[in-house]
Amino acid sequence: MGSGEGRAPRRGRARGNPGSFDGLHRSCKEVFPPQMEGVKLIVTKTLSSHFQVTHTVHMSTLGPSGYRFNATFLGDRQLGPTEVFPTLLGDMDSAGSLNAQVLQLLGERLRTKAVFQAQRSRFVTWQFDAEYRGDDCTAALTLGNPDLLAGSGILVAHFLQSVTARLVLGAELVYHRRPGEEGAILTLAGKYSAPNWEATLNVGYGGAHASYYHRANEQVGVELEANPRLQESSFAFGYQLNLPRANAVFRGLLDSSWSVGGVLEKRLPPLPVTLALGAFLNHRRDRFHCGFGVTVA
């Protein structure tokens, strides 16, 4: 019997679903620290296994201070750590602005979402999304602010295909129309994922957006991003350092506008409290701001 007889054929890695178009650069963006300014207190209370509320108080020295209330309802069907259907989200601030979202699962592969925004008792945004997730592809359609009487609205179509287990290719088409004006913009996208790094590129009429994410080891992440649009280019470098023994995470950034900043988050077990301290300095504009936050959840 030959050496090759009786050997099981080699199978390639499963390609898997590529996820959503909006999540192509997510790994890179999560490395960057969130902007912080003033003092913020966030208190989250879980009322039941399906319902929770969040109170947010923000005191700012640069912008308006205010209070925000958020209510979330989660259904019984969970597809992943952050995917629960149906989901209802409601958010209202002290100025009377209301944001609401409804997420529902229609079948095993079709997801829908409705988004409504109101300001001063007037609807300013209404958006409807439908997304189909196959074994190795994702197709999505978004309709924003449709007005049949005025003949205006925005239509966005996304498609992603897992070509191999590591390579994802896709495209985005944005069509907008209003009285006296209409147009369309096509953007091509690609993402390559290796065990320790990811590279993503979007190229279209409006410019190009490239990002690179590298995980040096279990504690360090590095991200590079270039976004030339409207004859302008920007560059940003971010990193994240996880300190499990100290229950802390540090994120820092440096960009082409000579801004440098960082945010340190510290959990205080066994208390359900997380402290956050951030500082940002723009050398070119000689501006400095810092922030402090407390999260109770």
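Strands are DSSP runs of E with at least two residues, numbered from the N terminus, and two of them pair if DSSP finds at least two bridges between them. The model examined here is predicted, so local features need pLDDT of at least 70 and side-chain atom pairs count only at pLDDT 80 or more, while totals for chains, interfaces and linings use all residues. Residues are numbered from 1 along each chain as its sequence is written, and side-chain values use heavy atoms, with hydrogens and water left out.

Strand β4 (residues 83-93) runs antiparallel to β5 (residues 98-106), joined by 6 bridges, with L89 opposite Q101. The two form a hairpin with 4 residues between them, and G96 in that turn has a positive phi of about 95 degrees. Onward, β5 pairs with β6 (residues 110-119) through 9 bridges, again in the antiparallel sense; here Q104 faces T112. This second hairpin has 3 residues between its strands, and G107 in the turn shows a positive phi of about 85 degrees.

A loop residue also deserves a look. S60 sits between β2 (51-59) and β3 (66-80) and counts as buried because its relative accessibility is 16%, the limit being under 20% with a 1.4 Å probe and protein chains only. Its side chain makes a polar contact (N or O atoms within 3.5 Å, one able to donate a hydrogen and the other to accept it; residues adjacent in sequence count only if both atoms are side-chain atoms) with the side chain of E37 at 2.5 Å. A polar atom of the S60 side chain also lies 3.0 Å from the backbone nitrogen of G63.

Definitions and conventions
Buried means under 20% relative accessible area, exposed over 50%, partly exposed in between (1.4 Å probe, protein chains only).
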